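Hi,

Here's the structure I said I'd pass along.

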Amino acid sequence: MSSDQRSPLDYGMNRLWSTPIRLRNLLQEGIVEPELHEWLENFADSAELVSGPLDYLRDPSKRYSRYDLSVFASPQQPELIRIKSILVAQADQYVRDEIVDPLPAHDKYVVSWFVIQHPQNAEEAPAPHYHESGDVAMVYYLTPPSNRSGSLVMFDPRGTVARGGRALPLHKAFVEFFPRRGDLIIFPRYIKHSTTPNTGATKRKVIAGIVAYDDPHRSRFRYEAQAEDLCCI
Ligand SMILES: [Fe+2]
C-alpha cells in the first residue's frame with residue numbers, strides 16, 4: 001500500500017480512538033485466487049445485477065433493494081459460495097481484532113450484493129448512507145475505474161473534535177479511498193459512506209456486504225422478556 005493511501009486510512013484524532021477502517025488486498029495476498037477474481041468480474045456483467053433506478057426510493061417495497069440481494073442468499077455456483085465464505089471470514093477476523101475476542105455466542109446474518117457503476121452514469125453512484133442492519137460493512141473491489149474515479153468517501157460521525165473535547169486543527173471529517181483491484185475494505189456500521197461517479201472508460205464492479213452478529217434468538221427473547229418485566233413493575 002502506498003503511503004498516500006496508508007495515511008488517510010490511519011485517520012483518527014488520536015492514537016486511542018482512531019477509526020477502525022481495515023484495508024487489505026486479497027488478490028495480492030493470495031486469499032482470492034486470480035481465477036476466482038476473474039470469474040467474479042465476468043459474472044458481474046450479468047444483466048440482472050444492474051441496480052434499479054432511483055425511482056425505487058418512492059416504492060416502499062423496493063426502497064432498500066436497488067440491488068439484487070438474492071445472488072448471495074443461497075448461492076449455487078461454487079465461486080459465489082467461495083467468495084462469500086472468504087469475505088465472512090475476513091469480517092469475523094476484523095470483529096475479533098477490533099471489537100471482541102473471542103466472539104460471544106451469536107446468530108450471524110450476512111447480506112451481500114454486486115454494485116455495478118457504468119461509466120458516466122452519476123445516478124448509479126451510491127448516495128451517502130449507513131448500513132444500520134449490520135455491525136460491519138465491507139466492499140471487495142473487482143474492477144475499479146482506472147482514472148481514480150469511483151472512490152469511496154467515508155465520514156466518521158464522531159467528527160473532528162479530539163476525544164475528550166479538545167478542538168484539533170484538522171477539519172477534514174472524511175476519508176476518500178481510491179481502490180485497487182482486489183482491495184477489501186471493512187468498517188463499522190457507524191461510518192456513513194458514498195461513492196463518487198465512475199468517469200472512467202469501463203464498468204466499476206464491486207461486491208458489497210454487511211455482517212450482523214446478533215444475540216442468539218433465545219437470549220434475545222429472554223432479554224426482551226426481562227425488559228418487559230422491568231417496565232411494568
Ligand atoms: Fe454501503
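Ala208 touches Ser112, Trp113, Val115 and Val139, leaving aside residues up to four places away in sequence. Keep in mind that this is a predicted model. Ala208 and Met138 are 70 residues apart in sequence, yet their C-alpha atoms are 5.7 Å apart in space.

You'll find Leu87 in helix H3. Is it buried or exposed? Leu87 has 25 other C-beta atoms within 10 Å, so it is buried. Again not counting residues up to four places away in sequence, Leu87 touches Ser112, Met138, Tyr140 and Gly209. Ser112 is also on the list for Ala208. From Leu87 to Val139 it's 52 residues along the sequence and 9.1 Å in space, C-alpha to C-alpha.

Now for strand E3, residues 136–143. All of it is tucked in: 8 of the 8 residues of E3 are buried, so the strand is largely enclosed by the rest of the structure. Which strands does E3 pair with? One is strand E6 (residues 183–188), which runs antiparallel to E3 and is joined to it by 5 bridges. Val136 has Pro188 as its bridge partner in E6. Another is strand E8 (residues 204–214), also antiparallel, with 7 bridges to E3. There, Tyr141 is bridged to Val206 of E8.

There's also an open sheet of 3 strands, ordered E5-E4-E7, with antiparallel pairing. Strand E5 (174–177) and strand E7 (192–195) are at the edges with a single partner strand each, so each has one side left without a neighbour in the sheet. From one strand to the next, the twist averages 20 degrees. Strand E4 (residues 152–155) pairs with E5 over 4 bridges in the antiparallel sense, and the bridge partner of Phe155 in E5 is Phe174.

On to the helices. How do H2 and H3 pack? Helix H2 (residues 34–43) meets helix H3 (residues 78–98) at an angle of about 110 degrees, and their axes are 10 Å apart. H2 and H3 are therefore roughly perpendicular to each other, since angles of 65 to 115 degrees count that way. The crossing of H2 past H3 is left-handed. On the H2 side the contact is made by Leu36, Trp39 and Leu40, and on the H3 side by Glu79, Arg82 and Ile83. Sorted by class, that contact of H2 with H3 has 4 nonpolar residues, 2 charged ones and no polar ones.

Finally, the chain as a whole. It has 4 helices and 8 strands, and reading along the sequence gives the pattern α-β-α-α-β-β-β-β-β-β-β-α. Of the 233 residues, 25% count as buried. Among contacts between residues at least 6 apart in sequence, 80% join residues at least 24 apart.

If you're opening it in a viewer, I'd go through it in the order above.

Cheers

Conventions:
Residues numbered from 1 in each chain as written. Predicted model: local features only at pLDDT ≥ 70, side-chain atom pairs only at ≥ 80, totals over all residues. Pairing = 2+ DSSP bridges. Helix = DSSP H or I, 4+ residues; strand = E, 2+ residues; numbered from the N terminus. Axes fitted to C-alpha atoms, helices over the stretch in contact; angles between N-to-C directions. Parallel < 35°, antiparallel > 145°, perpendicular 65-115°, else oblique. Left-handed = near helix turned anticlockwise from the far one by under 90°. Contact = placed C-beta atoms within 7 Å. Nonpolar A, V, L, I, M, F, W, Y, C, P; charged D, E, K, R; others polar. Buried ≥ 20, exposed ≤ 12 C-beta atoms within 10 Å, placed from the backbone.
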